[in-house]
Every structure is written in structure tokens, then in C-alpha cells.
Amino acid sequence: MQDRLTLPAPAKLNLFLHITGRRADGYHELQTLFQFLDHGDELQFAVREDGEIRLNTEIEGVPHDSNLIVRAARRLQEQSGCQLGADIWLDKRLPMGGGIGGGSSDAATTLLALNHLWQLGWDEDRLAALGLGLGADVPVFVRGRAAFAEGVGEQLTPVELEEPWFLVVVPQVFVSTAEVFSDPELTRDTPPIKVRSLLGVDGHNDCQPVVEKRYPDVRNALIQLGKFTQARLTGTGACVFGSFPNKGDADKVRRQLPATLPSFVAQGRNISMLHRKLQNLD
């Protein structure tokens, strides 16, 4: 059997999410702060000589050709002119519609893995530009560094943050990002901030009131976690999180949450675990 390249696709958190306006094309201008988690999906890749892109793991409710992994691989193949293909396997651990970047992270890992296996030699800028066409969050995963993001989320400024431990609660609902951003009650006029003033910002998530109203399970998760620490929504949800100075404190609170609320504990990281592993391949 051909050797497989195994790489992680880490989760991310939006430590805050401010919507500062709406563009003429309907997209929202936003400011957000991304940090990665040492927790995520895992993908395996093997080169095919026949040019086929084959995802060998079925994802319920997602047709093969619509999966971001397949779309990312095919777009890289088309734009690079590469004649090789790939077999891909996915160990799916991150929830869909959770706001922690599962699909976007899978796509970014696919781009970086195949750039390596196909020996394309593309740099980060080129891969990130291709990734933006797949989703606004793909570039931050391609670059793999905690970042302050602006525009539709693609204008990234790397930042150095503390690396606390996070308790992430996973309500068993799928939140539609499109529905949240089209809600007439969504705040769209939060005053912009400067990246240099980040440390003094008590950020919030403009999507949280809308999501709480639409999804009672998310509201309940915020209430339950909020009994122990400040609880916030990441992205458009459904996941909510709280930060802790150490793993022990996070684990202690996790044990006190209702058994009906799935959750996990992971450390925040300024360099994604994907990029730490890629550095060892070079």
C-alpha cells in the first residue's frame, strides 16, 4: 500500500466577531480575532497516478463532489495543471455548522497537503488566494497563524495572543450562517477598531443575539457555561466557549456541565498544529 500523509485540520475560535458594515454585493464587512485549537479533524492523503480525486469517507448529507475537500483538491489540480490525483480519507471530529471551521480547515489542509505531495511549490499567498474562492475562513487556516481579520475575513494581520485553555460546548444543532447574516435584527454597525488597540478591546459577537433567539439549544449552552465563566459564541455558532488559565480548571467545569451537553477541552494556539506538523516535513 502506498504511504499516506496524515495531517490535522485544526479547529478555530472567533474570540470576538464585530460586523462593521454591509457591502453593495451583500457581503458583510467584519472584524474578528482568530485563534486555533489543538483539536480537530484528521485527514490522510495518497497520490494517485490517474488524476482522479477520490474522498473515500462518506459524510452524511454532503454529496462527494460538493465536499470542500474535493472542491479544494480539484481547484488546485485545475489551476496548477497537475496531472496527478489523490485518495483522501477523513476522520471527522469537528461538528458541521459549529462555527469552529471544520469544512474550511479540511479544505486548507487539503491544499497544503497536495501542494506538498504533488511538489507544486506554491507559496502561502497563492494557496490562500485560491482558498478564498472556497470560503472566507480558508485563508486563515492556510496561513496557520492567529490573526486579526478584516474585510470579509480575508485581510489577515498575525497577532501574538496568550494561549489559554478553552472549554468548547457543542450544541447538537446545525446553525445556518446564511440565515444568521440575512436576519434583519443582526447588528451591522459596530464601530471598527484598530489592530494595535486589540489588547484593550472587550470584544463581543454581533451574531450571538440572533443565534440565541433562533436556536434555543445554543442559548441553553450559553446559560449553562455562563454559570462558571464568560460564555461566548464562536463564529455564527453553534459552538460556545469559555477560557481558563489551565487545563485542570477547564476539565473541572466540564465535569459540572449537564451530561446532555457534549463538550471538549483544548488549548489555544497561535501557530496551528497543522503548520507545526508541516514544519517537521520540510
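1. Ground rules. In this predicted model, local features need pLDDT of at least 70 and side-chain atom pairs count only at pLDDT 80 or more, while totals for chains, interfaces and linings use all residues. Residues are numbered from 1 along each chain as its sequence is written, and side-chain values use heavy atoms, with hydrogens and water left out.

2. The annotated site. An unreviewed UniProt entry marks a "binding site" that includes Pro-95, Gly-98, Gly-102 and Ser-105. From this set, the lining of the largest pocket takes in residues including Pro-95, Gly-98, Gly-102 and Ser-104. UniProt positions follow the numbering used here, feature names are shortened, and annotations may be inferred rather than shown by experiment. A pocket is an open set of points on a 1 Å grid over the protein atoms alone, where a 1.4 Å probe fits, with protein on both sides within 12 Å along at least five of seven lines; lining residues have an atom within 4 Å of a point.

3. Gly-98. Look in the loop between strand E4 (85-91) and helix H2 (102-117). Helices (H or I, at least four residues) and strands (E, at least two) are DSSP runs, numbered from the N terminus. Gly-98 counts as buried because its relative accessibility is 4%. Buried means under 20% relative accessible area, exposed over 50%, partly exposed in between (1.4 Å probe, protein chains only). Residues up to four places away in sequence aside, Gly-98 touches Thr-234, Gly-237, Ala-238 and Cys-239. Contact means heavy atoms within 4.5 Å.

4. Gly-102. This residue lies in helix H2. Its relative accessibility is 6%, so Gly-102 is buried too. Neighbours within four places in sequence aside, Gly-102 contacts Asp-41, Lys-92 and Leu-94.

5. Lys-92 and Asp-106. The whole structure holds 21 salt bridges (a side-chain nitrogen of Lys or Arg within 4 Å of a carboxyl oxygen of Asp or Glu). In one of them, Lys-92 pairs with Asp-106, with the closest N and O atoms 3.2 Å apart. Lys-92 is in the loop between E4 and H2 and Asp-106 in helix H2, so the pair ties together parts 14 residues apart in sequence. Lys-92 is partly exposed at 29%; Asp-106 is buried at 4%.

6. Lys-213 and Glu-185. These side chains meet in a salt bridge of 2.8 Å, N to O. The pair links distant parts of the chain, 28 residues apart: Lys-213 in helix H6 (residues 208-214), Glu-185 in the loop between helix H5 (177-182) and H6. Both are exposed.
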